[in-house]
Structures are given as structure tokens and as C-alpha cells.
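Let's take a walk through this one together. Have a look at the chain below, and then we'll stop at a few spots.

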Amino acid sequence: MVGRWCNGEQSNTGTEITVAASDSPSAARQSADYVCDGVDDDVQINAAIQSIPKDSGGNYAGTVHLTAGHFVIGDTISLFRENAGGYCKYGIHGAGMNCTEIKLDDNVNRNIIEAVTPVGSNTNLGFIDIRDMVLEGNYNNQNGSSSSIKIRANTIAFNDASPATITDSASGFTFTAGDRIIVTDSTSNDGVYTIATATAGTLTLAAGESLTAEAAGSYRKIETHNGHGIYTKLNGAGSFYDGNIDHVMAFHNCDDGFHLEDTWGFKITDCITEYCNGTGLYMIGSQNYVDNLFCAYNTLGGAYLEVSDSHYSNIH
């Protein structure tokens, strides 16, 4: 592997797989396990992640190394694989903050990297490790809202018509067509959806998306989900602990640079979030550690921390 990396670290434990960018040096491309072509590079990266086998303990454990170069993705890079009762222990390492860039393609409206468990899953996420890269959200060329939107109200209802709609009797919606939204605190409709058309009182969802009827009355939360740099969320019964983000820069994201929920023992060191339309760092959890995080020019502020028993210092 010598000569393939600008700086960056080698992996911790488990299987190691290399993915080369289309503009990586010839030697790197020839020796890589997967080679990208600069279009929908998420296909090769996700295939590399999904190819990581189980270790002797029955856990998916390994690291995908991205060579120096530029990766362009048309969908999210997912650090998850169903492993009932077991763990996903995935790492994705670049070659350095000045060497490896992952850029969201135009009109995609997606998170760049996410570690998310679906509803009903009892898979655990442990030791997720993201380091040594730049995450370019390309917000000027996405087709949703130009800034992060969060709404919580008891006037929101879900309708199981065809097409499915979400209505607000208070006409408080400011979303636009093309937005991806995430619904939480509902009875049966928590999840991610795409808006086909939008008015102040009605959001019509994209063809093929469905809802379960729920009348207004309880408080529900809807927010844009057009593109975080890194997004974590437990929707199932598993746990998420001891993750790490190190030497990562997230910028030009439609939403937050780092949006991290349900974290325990998570560590963020020597990172940068700039020019994101949401918050630089949005973090909910406990016993987390943040040190030397530079946040600048993010629309909704540098950091939102809803954490307990945690350490955070040098957030600029």
C-alpha cells in the first residue's frame, strides 16, 4: 500500500478494501479492488462496503480505503448492513483532507455518508470510523430548498390518498418541490420522503410513496433531509457507540455538516464544517468527545449540542 496515500492512516482491524478514484494515479487504479469512473461512484464504494465479510465474532468488520482523487456520488454511502443482534464495524478512510474528495452530484439531494439503522432492526453500529477526506455537498446545484427547514407542530396530518399528502391546517410549510424530508414523532409515518409539489398547506409526495392516515392533534416534526455531510440515526433497537470522525471537512451541504443522533462515546477531532445551509455540527447523545472543530459560515450556526456527560473544547 506504500505510495497510495497522501497521509491518512491504515485501517484498524478486519478486512481492508481499496477503492480508486477515476483520477487516481495509474498505479493506484491498477492495484485497487474497485475502480470508479467519476459517475455514480457510490455504486463501487457501497459495493466495497457490502463485500466486507463477518469476522470470527459474527460481526461485519473492515475498512474501505479511498485513494487520493475525486469521487462523484449520485446516492448515499451507507455504513450499514443488517446483522440481527450483531454489529457493523465499518471504517471509510480517505488519503487526507487535501487529497480525497467525495462530491455530491447535481440534483441528488442526499446525505453523503450515513450510518442509519432502519425501523425494526436490532443491528448495532460500533466503531464506525470516518477520516481523512473532504465531503462537498454541492448545494448550489441541488434542486430542493436553499436552506435547512425544521417544523414541529400539532396541526400536521398524514393522508393515505394517491398520491399521498401531508397537510398543515396552519399553512406553515415552507418546503419546495424536490425537497427530501424526514418525519419524526409520528405514530406510523416516521421516515424519509420526497416532495413532488408543495404549498403552504399541502405537501404532495412523489409517485409510489405512501403514508398511513393520521389526524392532526399530536406534535410531529418535519425537516429537510436534502443533504448532511455525515448523518447518523438509530431507528431500530440496536446501539450506536464509540464512533470516530477525524480530519474530515464538510462544506457546501444543503443541511448540516455533521448531523449525529443517538451517539454514545462518539469522538470528533480536528474537523472542519463550512458554508453549510444548516448547522456545522448537530449532535444528540451522551459521553461524546469533541475537540478542535472549526465551524464557519454555517447558516444556522456553528454547533448544536444536546449531549450529557460529554467533553467539548476548541469549537471555533
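D40 sits in the loop between β2 (34–35) and α2 (42–50); helices (H or I, at least four residues) and strands (E, at least two) are DSSP runs, numbered from the N terminus. Its phi is near 50°, a positive value in a residue other than glycine. With 35% relative accessibility, D40 counts as partly exposed; here buried means under 20% relative accessible area, exposed over 50%, and partly exposed in between (1.4 Å probe, protein chains only).

Before going on, a word on what you're looking at: this is a predicted model, where local features need pLDDT of at least 70, side-chain atom pairs count only at pLDDT 80 or more, and totals for chains, interfaces and linings use all residues. Residues are numbered from 1 along each chain as its sequence is written, and side-chain values use heavy atoms, with hydrogens and water left out.

You'll find Y297 in the loop between β24 and β25 (303–308), and it is exposed, at 61% relative accessible area.

Then there's P163, in the loop between β12 (156–159) and β13 (165–168).

## Strands side by side

β24 (residues 289–296) pairs with β22 (residues 267–274) in the parallel sense, over seven bridges. Two strands pair if DSSP finds at least two bridges between them. Across that pairing, T269 stands opposite D291 in β24.

β24 also pairs in the parallel sense with β26 (residues 311–315), this time over four bridges. There, V290 faces Y312 in β26.

D256 lies in the loop between β20 (244–251) and β21 (258–264).

The largest nonpolar core has 46 residues, of which I102, I113, F258 and I268 touch the most other members. Such a core is a set of buried Ala, Val, Leu, Ile, Met, Phe, Trp, Tyr and Cys residues joined through side-chain atoms within 4.5 Å. A second, separate core of 17 residues includes A153, I156, F173 and I181.
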